[in-house]
Amino acid sequence: MRFNKFLVLFSIISFMMFLGSGSSFAKKPLKIGSFLAVTGPASFLGDPELKTLQMYIEEINAKGGVDGHKIEFVHYDTKGKAKEAKNFVNRLIKKDRVDVIIGGTTSGNTLAVIDIVQRAKVPFISLAGSIKIVEPVKKWVFKTPHTDKMAAQKIFEDMKKRGITKIALITGNGGFDKSGRAQCLALAPKYGIKIVADEQYNNSDTDMTTQLTKIRATDAQAILNFGFGKAPAIVVKNAKQLGINLPIYESHGVASKKFIELAGDAANGVRLPAAALIVADQLPDTDPQKKVLLDYKKKFEAKYGPVSTFGGHAYDALFIVVNAVKRAGVIDRAKIRDEIEKTKGFVGTGGVFNMSPTDHLGLGLDAFKMIEIQNGKWKLLY
Amino acid sequence: MDQLLQFFISGLTVGSIYALVALGFSIIYNASDVVNFAQGEFVMIGAMSAIFMLKAGIPYPLAIFLAILISATVGLCLEKFAIEPAKRATVVSTIIITIGASIFLRGAALLIWGKDIYGLPPFTDNTPIHIGRATMLPQNLWVMLGTAFLVIVVRYFFDKTRVGKAILACSYNKKAAYLVGINVKTMLLIAYGLSAALGAVAGVLIAPITFMTYGAGVMLGLKGFCAAILGGMGNSMGAVLGGLILGIVETVGAGFISSGYKDAIAFFVILLVLFFKPSGILGKGEVERV
């Protein structure tokens with residue numbers, strides 16, 4: 001029975017290898033899979049996200065990995081297409097057999113894959129904005145970016161403080177704009193705010209004076225523009241051109257230097273809620289986020305140039321996973337998920353995360369800062 | 001009344017942008033019956049080259065001139081390396097080639113200039129001009145002026161110059177044009193170069209108002225194309241008329257009906273016009289060639 005002998009020998013060797021692996025360097029790697037919209041229309045989100053992940057994973061591995069587990073990073077570019085997102089997530093789960101997934105740059109991409117990750121039971125941290133991702137709570141799905149609902153709440157709170165009760169809403173036709181518009185319409189009555197105009201534009205439009213002329217004819221006390229890209233810059237420029245002196249509120253979608261650059265002096269006086277990253281140096285030293293933010297900013301800018309809040313969401317997701325793995329002590333999908341859910345007091349770029357079985361985002365309204373643009377610069381209000 | 005005046009002026013400013021882009025379609029159409037779907041990309045390339053040369057410190061007027069030259073070169077290359085090798089292609093196949101070219105140019109622009117949004121400074125002072133309670137920007141006047149100037153140039157070119165007439169002859173009958181001694185190949189090359197240059201002028205004029213990205217050519221090209229078929233393809237006056245009508249219908253529709261359905265209203269009007277006059281408002285209609 002030569003065959004049997006061989007089998008016994010083989011099993012002894014493999015058993016010894018197994019024993020050895022416990023103490024030596026050959027620990028099981030932590031496989032992180034990612035699908036991001038690195039090119040395509042949402043590239044301004046996906047590109048800094050990927051760079052952030054790559055930069056920090058490289059750094060973690062150089063320091064010996066997470067408790068000795070080296071991180072293996074698998075990445076696919078969805079180009080912002082939901083169908084591609086589905087294909088890649090299936091591949092990440094079935095072929096690459098990853099332990100955790102971080103990604104889904106846009107809400108559309110994320111919502112498309114929720115069923116798949118739920119069925120496969122893989123912990124998934126989304127980098128997209130929509131509130132629908134975590135409400136209602138899905139067992140395996142988490143997210144790090146602030147929601148449009150929080151943005152609307154923050155804006156309405158500020159309006160209330162200034163005694164504004166009638167506003168004009170102007171939004172684009174993209175997914176982000178539409179979702180934001182729905183949140184504004186739903187939340188306004190709770191703050192005693194009446195929406196007296198509800199205008200829309202196409203994100204590729206060249207001129208919004210028509211919509212603003214209609215707004216000028218109403219008794220609105222402020223204008224709220226929910227959008228991103230070049231359209232909000234045209235809105236504020238057109239408002240100035242028409243001589244409209246109402247306070248203008250923008251969403252967190254314009255929280256990049258580009259907006260100020262494009263809108264020029266028309267941007268002055270515009271208020272918006274945004275993550276603390278863009279005003280990191282203005283935070284008081286007692287703020288726990290300040291150090292994290294300045295570190296991230298320094299590292300990212302040294303390697304890639306100007307930092308954006310979007311890359312910060314990837315930073316938050318990565319370190320929530322890293323901390324969860326450290327606490328779990330083993331590479332196991334279910335245990336990592338449980339530990340992600342137990343994240344408490346994690347100081348990230350988006351705010352301080354406190355997750356729970358009923359809250360898979362874990363950020364409070366204080367995670368958003370109210371910012372005003374003054375003399376072409378961000379000014380932290382509160 | 002205040003509102004109507006502003007809607008009308010907004011319509012004119014938007015419409016003149018569409019008209020400017022629409023003009024670019026007419027030259028290549030007149031030369032070969034081909035609708036060049038890369039026309040929007042010519043507009044984008046003109047604007048983006050001007051923006052980046054200005055950033056590099058080249059004086060504004062020189063940057064504009066060079067941008068037009070760059071765009072024209074791209075147009076010439078497109079004809080030489082994509083259209084000419086497919087000389088036996090039908091009109092439809094050539095149109096498909098131009099769609100491919102537009103995707104290629106967009107990709108190239110993405111690699112060269114990145115994904116960011118850029119603006120150009122306005123040509124002159126930026127204080128709004130008031131007409132009653134309605135306002136417009138001085139740059140809008142530049143766009144209108146540019147459109148008017150280019151219409152005259154294009155008209156003059158096709159009606160009075162030998163090259164222009166030769167290009168028209170090529171479109172009527174290639175073989176006959178060849179027999180009377182017109183170099184058909186060269187004419188087509190000239191048409192693409194001029195068309196690209198025209199697109200670049202449009203791009204430089206509108207970039208201070210609308211901003212530019214590598215992908216902005218798609219929507220501009222589409223709106224320009226709509227304006228061109230509304231007014232009558234190949235007719236430069238038609239392009240202007242089509243552009244202005246499209247702009248005014250959009251703004252008045254948005255103003256009085258709903259801004260959410262702005263484009264739907266505009267497309268409905270286009271469909272209506274084309275239903276009753278398929279060749280466009282100023283189009284001559286299909287002439288049966290025997």
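How many residues of chain B are in contact with how many residues of chain A? In this predicted model, in which local features need pLDDT of at least 70, side-chain atom pairs count only at pLDDT 80 or more, and totals for chains, interfaces and linings use all residues, 25 residues of chain B are in contact with 23 residues of chain A. Contact here requires that the C-beta atoms of two residues, placed from the backbone, lie within 7 Å. Residues are numbered from 1 along each chain as its sequence is written, while chains are lettered from A and ligands numbered from 1 in the order in which they are written.

On the chain B side, two or more residues each are given by α1 (2-32), α8 (184-210), α10 (236-256) and α11 (262-276) of chain B; the largest share, 7 residues, comes from α1(B). Helices (H or I, at least four residues) and strands (E, at least two) are DSSP runs numbered from the N terminus. By class, this side of chain B that touches chain A has 10 nonpolar, 11 polar and 4 charged residues, where Ala, Val, Leu, Ile, Met, Phe, Trp, Tyr, Cys and Pro count as nonpolar, Asp, Glu, Lys and Arg as charged, and the others, Gly among them, as polar. The predictor gives the complex an ipTM of 0.76 and a pTM of 0.78.

Chain A is assigned domain 1 (30-146 + 289-363) and domain 2 (149-280 + 368-380), with bounds from an automatic or database domain assignment. The C-alpha centres of these two domains of chain A lie 29 Å apart, and 18 residues of domain 1 are in contact with 17 residues of domain 2. To the side of domain 1 that touches domain 2, α4 (107-120), α10 (289-304) and α11 (309-328) of chain A each give two or more residues, with the largest share, 5 residues, from α10(A). That side has 5 nonpolar, 11 polar and 2 charged residues.

Helix α5 (residues 148-161) of chain A has 14 residues and should span 20 Å at 1.5 Å a residue, which agrees with the 20 Å between its end C-alpha atoms; the expected span is 1.5 Å times one less than the number of residues. Among the buried residues are Met150(A), Ile155(A) and Phe156(A). The elements against which the buried residues of α5(A) pack include β6 (166-171) and α6 (175-187) of chain A. Just after α5(A), Gly163(A) takes a positive phi of about 75°.

Methods
A residue is buried if 20 or more other C-beta atoms lie within 10 Å of its own, exposed if 12 or fewer, and partly exposed in between; C-beta atoms are placed from the backbone.
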